Amino acid sequence: MDEPPLTAERLQRALTTRWVGRVYDYVEATGSTNDDLRGRAAADPALPAGAVLLAEYQSAGRGRLGRRWEAPPGSSLLFSVLLRPGWPAEQAAWLTMIAGLAAVAAIRGAIGPSPRVGLKWPNDVMIIVDDEPRKVGGILLDTALDGVGRIESVVVGIGLNVNTPAEALPAAATPPTSLPAATGRTYDRAALLAALLAALETGYEAAAAGRSPRADWDAELLTLGREVVVSYGDGREIVSGRAESTTDNGLLIVRDAAGALHTISAGDVSLRKER
Ligand code: ADP
């Protein structure tokens, strides 16, 4: 990939935040930025909230449920952010919400209102391409709790297919896309990262002040109002029906054909194609 590497010098020129990304480390390749940053945070309790680790390539990038995140070197954004919220464990979903909203804001700022960017419950960043929701990114939280059930630290991992050529996207159950595949052009990765970190800082500070990100999250969830099938990681169906709403702790509420409500805490949601 011929893009300039996302070095600290390059990011600093674009960065507008006060504390997110001000401690920044860039590596060419690693196993997983989440694993590395979690290890660094464990080894160094003074590593500040807002520290970011970015890699141009991950050989063991992770998704949920032991699945893999795959991206060719140099074309995407693969990074992790350390936060130290001290919130109750039940509120971990707020971090998923804030990270998803930040990704949406940054991508929308780069590509504009069309094609539509949004989120798929709980942690996928999507772009609607030819009426079909396609996955452009994912979010993965690794939380560390203290002795009384609070989130002592959390590593928020974000992978976005920014400039990945269409032919380099991995085969996946949810069809993938990238910004060039969806819009026909490439983008400045440093500017996109800086915009995302700025939105993350703003969203985190609002949440830390007690304001729930849930209403904003609901507004970006392409899942709501749609007919969905929710299944376990192994493909067995849990429920199908209409995704109606979420709870403040990020659970999904699905109404089945008989009218019964189901509260979903984990699982794969597939969206039927829009008609
Ligand atoms: P989901 O939340 O959709 O279940 P995960 O968070 O588990 O997905 O992410 C891992 C999955 O994402 C993989 O199993 C694969 O199907 C898909 N995937 C892996 N790499 C990419 C990528 N670069 N772009 C889009 N999808 C990907």
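Leaving aside residues up to four places away in sequence, N123 touches R64, T96, G137, G138 and I139, where touching, or contact, means heavy atoms within 4.5 Å. This comes from a predicted model, in which local features need pLDDT of at least 70, side-chain atom pairs count only at pLDDT 80 or more, and totals for chains, interfaces and linings use all residues. Residues are numbered from 1 along each chain as its sequence is written, and side-chain values use heavy atoms, with hydrogens and water left out.

Strands here are DSSP runs of E, at least two residues long, numbered from the N terminus. N123 counts as buried because its relative accessibility is 7%, and buried means under 20% relative accessible area (1.4 Å probe, protein chains only). Its side chain makes a polar contact with the side chain of R64, at 3.5 Å. A polar atom of the N123 side chain also lies 2.9 Å from the backbone oxygen of I139. A polar contact is a pair of N or O atoms within 3.5 Å; within protein, one must be able to donate a hydrogen and the other to accept it, and residues adjacent in sequence count only if both atoms are side-chain atoms.

Now for the sheet. An open, antiparallel sheet is built from 5 strands in the order β11-β10-β9-β8-β12; strands pair if DSSP finds at least two bridges between them. β11 (261-264) and β12 (268-271) stand at the edges with a single partner strand each, so one side of each has no neighbour in the sheet. β10 (residues 252-255) pairs with β11 over 4 bridges, in the antiparallel sense, and L252 stands opposite I264 in β11.

Note on methods:
Buried < 20%, exposed > 50% of the residue type's maximum accessible area, 1.4 Å probe, protein only.
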